[in-house]
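User: Please take a close look at the ligand site in this model. Describe what surrounds the ligand, and then the fold that goes with it.

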Amino acid sequence: MRRKVIAGNWKMHKDLSESQNLISKLTNALNKEETKCDVIICPPFTSLSEAAALVKNTKVKLGAQNMYFEDKGAFTGEISAAMLKSVGCEYVILGHSERRTIFGESDSTVNKKIKKALSSGLRPIFCIGESLVEREKGITNEVVKRQVTEGLQQVSKGEMEKIIIAYEPIWAIGTGVNATPQQAQEVHVFVRNLIGEIFGSDTAEKQIIQYGGSVKPDNAADLLSQTDIDGALVGGACLDADSFMSIIKSV
Ligand code: PEP
């Protein structure tokens, strides 16, 4: 039985005091609950250090939203895996569709980042997903297959235990239109089978595959009840402690 993982991607929201406020509300609320899932928050870089102090000895784990694959050097504006580790991050979101579409990240860049994260002791939340045009053309499986195989080049079977895959159809991100539980389940089964072909069925069986894309308190339970949906990567609805808590409680 796979334990579900609910992660919050704050994107470019919340300054330092807003971050402190949200984390305090969340950790207080979680203290009162018996949670049946793991909870990860991914605030912006500027709040990570403070966030690490606030989540210490709580049920909340800390992740970042991106990193660069080089160790150090003349890469203005970039953040390394070691820097994330040094402020207490355990996870890092990689290959988010906003990174791919707005900032031009390719599958091969995402692969370099995944390998660097793993060798640095960070756990990647590896995002994949098709655009609306690709879904309408009927090439969803082809697209996620390319993203998975290229993104996981030279990743070992043992390292797969550290990776969370997040299936996030681009047309569902921030649009309020979530994939139906059946649409998501279908792709999750496809991805799990693919992981089985590459790494073996034992790895596939253990693989955490989250769904992301307009997960809200009112649709979370239906999505999370699907056999192959092992959690959620939540954007908009994680910015409010009550709505994030209500998604966590729907597990
Ligand atoms: C995301 O950014 O990963 C996401 C799923 O956003 P939203 O929940 O707002 O669609």
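**The ligand site and the barrel**

Analyst: In this predicted model, the residues around the ligand number 14, and those that come nearest are K11, E168, G174, S214 and G235. By class, the shell consists of 4 nonpolar, 8 polar and 2 charged residues.

E168, one of the nearest residues, places a polar side-chain atom 2.7 Å from a ligand oxygen. For H96, the distance from a polar side-chain atom to an oxygen atom of the ligand is 2.9 Å. G236 takes part through its backbone: a polar atom there is 2.8 Å from an oxygen atom of the ligand. On its own the ligand has 290 Å² of accessible area, and the protein covers 97% of this.

As for the fold, 8 strands form a closed barrel in the order 1-2-3-4-5-6-7-8, and their pairing is parallel. On average, neighbouring strands of this sheet are turned by 25 degrees against each other, direction ignored.

One pairing can be followed in detail. Strand 2, residues 37-42, is joined to strand 3, residues 60-64, by 3 bridges in the parallel sense. Within this pair, I41 has L62 of strand 3 as its bridge partner.

Helix 7, made of residues 140-151, lies across two strands: strand 5 (123-128) and strand 6 (164-167). The angle between helix 7 and strand 5 is about 155 degrees.

Terms used: Residues numbered from 1 in each chain as written. Predicted model: local features only at pLDDT ≥ 70, side-chain atom pairs only at ≥ 80, totals over all residues. Heavy atoms only, no water. Pairing = 2+ DSSP bridges. Helix = DSSP H or I, 4+ residues; strand = E, 2+ residues; numbered from the N terminus. Axes fitted to C-alpha atoms, helices over the stretch in contact; angles between N-to-C directions. Contact = heavy atoms within 4.5 Å. Near = heavy atom within 4 Å. Polar contact = N/O pair within 3.5 Å; in protein donor to acceptor, adjacent residues only side chain to side chain. Areas by Shrake-Rupley, 256 points an atom, 1.4 Å probe, with all protein chains shown as cover. Nonpolar A, V, L, I, M, F, W, Y, C, P; charged D, E, K, R; others polar.
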